[in-house]
Amino acid sequence: MKTEIAVKYLRQEKLPFIWCAGCGHGIILASILRAIDGFGWSKDEICIISGIGCCGRTPGYLDFHTLHTTHGRALTFATGIKFANPALKVIVVMGDGDSVAIGGNHFIHAARRNIDVTAIIFNNYIYGMTGGQASPTTPVGKIASTAPYGAIDPPFDIVELAIGCGATYVARGTAFHVPALDNLIKKALIHKGFSVVDVLSPCPTAFGRRNTMKGVVENFTWLKENVISKSAIKGKKGAEIGKRIIIGEFLNIEKPEYTEIYKRDIIDKVRSPSP
Amino acid sequence: MPLLLSGNEAIVEGALASGCRMFGGYPITPSSDIAEKMSLRLPKMGGKFIQMEDEIASLGACLGSSLTGIRSMTATSGPGFSLMQEHIGFAAMAEIPCVIVNVQRGGPSTGLPTYPSQGDVMQSRWGTHGDHPIIVLVPFSILECYTLTIKAFNYSDKFRTPVIILSDEILAHLREKIELLKEIDVKVRNFPEVPPEEYLPFDSRYLVPPLAPYGKGYRFHITGLVHDETGFPTADPEKVRSLQERLASKIPEEEVRDMDVRYMDDARICLFSIGSIARSALRAVLQLRKKNKKVGFIRPITVWPFPYDEIKRLSRDLDVIYVCEMNMGQIVGEVERAAECDVRFIGKADGTIISPGEILYRVMH
């Protein structure tokens with residue numbers, strides 16, 4: 001990231017990051033910071049909340065109101081913060097296990113409510129911090145420390161899950177396609193309602209190493225070769241797209257937002273009963 | 001004007017009078033009518049009610065709103081209280097004020113949903129993992145459901161700690177006439193005295209450091225990991241010890257201790273009980289006194305921290321303490337630790353109350 005953005009938003013004394021060489025998380029973080037800087041938001045109006053895992057350490061580096069909660073529960077705290085003080089801009093960063101395994105229930109309900117929170121999923125297909133156990137997004141057949149013969153549980157498609165549950169902005173990006181990611185995160189952050197960006201983030205240490213991608217470069221090359229953007233598939237037939245993962249914006253709709261509905265349809269109504 | 005209220009309703013009145021403006025909850029018998037009343041009343045006062053997807057989320061949402069400076073509460077019963085243990089621990093570690101009402105029902109597991117119990121006395125103290133401070137208040141009347149809720153919010157803010165109100169199914173739906181207080185003693189949490197650049201959210205110079213609300217210019221970090229004064233994770237044994245010791249000592253027993261002690265001046269026998277069963281115990285004391293038995297009554301209102309020293313002192317002139325509780329023997333162990341006299345147990349956990357007659361029979365035989 002640009003030095004001035006790093007100096008402006010990172011808690012310098014907390015560096016270096018704990019993340020391994022080749023981890024995609026720092027790239028996603030830089031993208032979030034560029035978006036915030038572009039909007040010119042005050043640091044005092046931003047809350048960034050995480051759960052547990054490698055991604056969970058993200059808020060600690062950031063000079064905002066930062067909260068490192070329990071495993072999977074970041075969205076519950078975020079809901080309370082946003083509901084109590086809708087003026088705050090609330091961003092939740094979660095891993096794949098964090099958001100859709102242990103936190104799956106909170107994820108679907110935050111989406112259902114369409115509360116104005118942005119959830120950015122640092123999706124590396126694995127529980128990295130605990131040593132590479134299979135997660136709910138580990139592809140079938142991939143090796144994990146708890147799937148030594150290959151994962152058999154079908155993975156979640158976080159984009160489809162979020163759309164199915166009522167999120168009103170849903171996108172997928174990767175830590176390799178950075179300009180596209182910048183754009184998606186920007187749009188998610190200014191979206192009114194529950195917005196989700198599923199970001200594929202390489203984990204060479206715990207995932208790639210076990211799955212024929214030993215080096216950092218191979219992990220990023222895999223993303224380069226196996227991902228295709230929504231705009232690039234226009235006019236292409238299924239066979240041409242193959243098994244490639246589609247990135248881009250999948251949903252961007254306007255729907256009444258939770259805290260606004262609560263104010264409009266409940267607080268304002270009961271406080272000024274119609275004559 | 002006096003009101004005829006149930007225990008659950010009195011808790012709602014106490015919470016609203018204390019300035020509670022956020023309730024996050026999940027339905028569970030026999031606590032659900034607290035959530036129902038809060039959903040009705042809070043928006044009229046500009047407050048917020050949210051029904052969350054489970055009890056873990058309920059307390060998570062309360063802790064989030066509390067961090068913005070809003071007094072927040074949740075209410076539950078046995079199975080939901082078990083789920084909340086995760087965030088009770090987070091609240092204790094991150095020192096976030098909140099009030100948790102546990103309307104006890106029979107357990108373990110789904111247990112006896114519509115029948116009373118006092119089976120969560122130890123869980124309310126040690127339910128979450130790790131050493132942690134906690135305050136647990138146990139009402140025995142509808143008036144106390146009201147007044148202790150007010151006290152719970154004040155303690156919670158003053159000591160930056162979760163406070164548990166341990167009610168039960170008897171009190172929840174018992175009705176008594178009470179007079180609401182005209183003036184409420186509301187002591188909200190301290191705001192930092194220093195500017196943001198000097199602020200330490202876990203400043204060890206304080207026993208209870210001031211907590212800045214989110215959105216007021218004080219940007220800091222909160223984690224459930226062991227942290228230093230700045231709020232950032234540490235595993236430095238010196239700093240870990242410093243935090244653990246401050247947490248262990250931050251709730252002064254002598255300040256929060258509250259006991260209902262009656263007829264103890266000449267007593268040789270004492271009936272010791274908490275919550276709704278203390279009503280039976282008190283009745284039994286009165287009946288035994290009529291039979292010229294020298295029987296006294298001790299009822300801790302603050303059950304945690306447990307009044308060990310006070311029990312020890314009071315027990316010196318006693319022959320025996322009968323501990324009456326609606327469980328298979330929980331608080332009796334604490335009384336045994338403290339008392340210098342014989343301690344006997346009168347208890348059951350079959351979903352029926354311990355009547356004054358049952359206590360009387362045991363003491364007479």
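Reply: The buried residues of α1(B) are B:G7, B:N8, B:E9, B:A10, B:I11, B:V12, B:E13, B:G14, B:A15 and B:L16. A residue is buried if 20 or more other C-beta atoms, placed from the backbone, lie within 10 Å of its own, exposed if 12 or fewer, and partly exposed in between. Helices (H or I, at least four residues) and strands (E, at least two) are DSSP runs numbered from the N terminus. This is a predicted model, in which local features need pLDDT of at least 70, side-chain atom pairs count only at pLDDT 80 or more, and totals for chains, interfaces and linings use all residues. Residues are numbered from 1 along each chain as its sequence is written, while chains are lettered from A and ligands numbered from 1 in the order in which they are written.

Me: Why is helix α1 of chain B largely enclosed by the rest of the structure?

Reply: Ten of the eleven residues of this helix (residues 7–17) are buried, so the helix is largely enclosed.

Me: What follows α1(B)?

Reply: B:G19 follows, with a positive phi near 90 degrees. B:G19 lies in the loop between α1 and β2 (22–25) of chain B. B:G19 is partly exposed, because 16 other C-beta atoms lie within 10 Å.

Me: In what order do the seven strands of the open sheet in chain B run?

Reply: Strands pair if DSSP finds at least two bridges between them. The order is β3-β2-β4-β5-β7-β6-β13, with mixed pairing. The edge strands, each pairing on one side only, are β3 (48–51) and β13 (302–304) of chain B.
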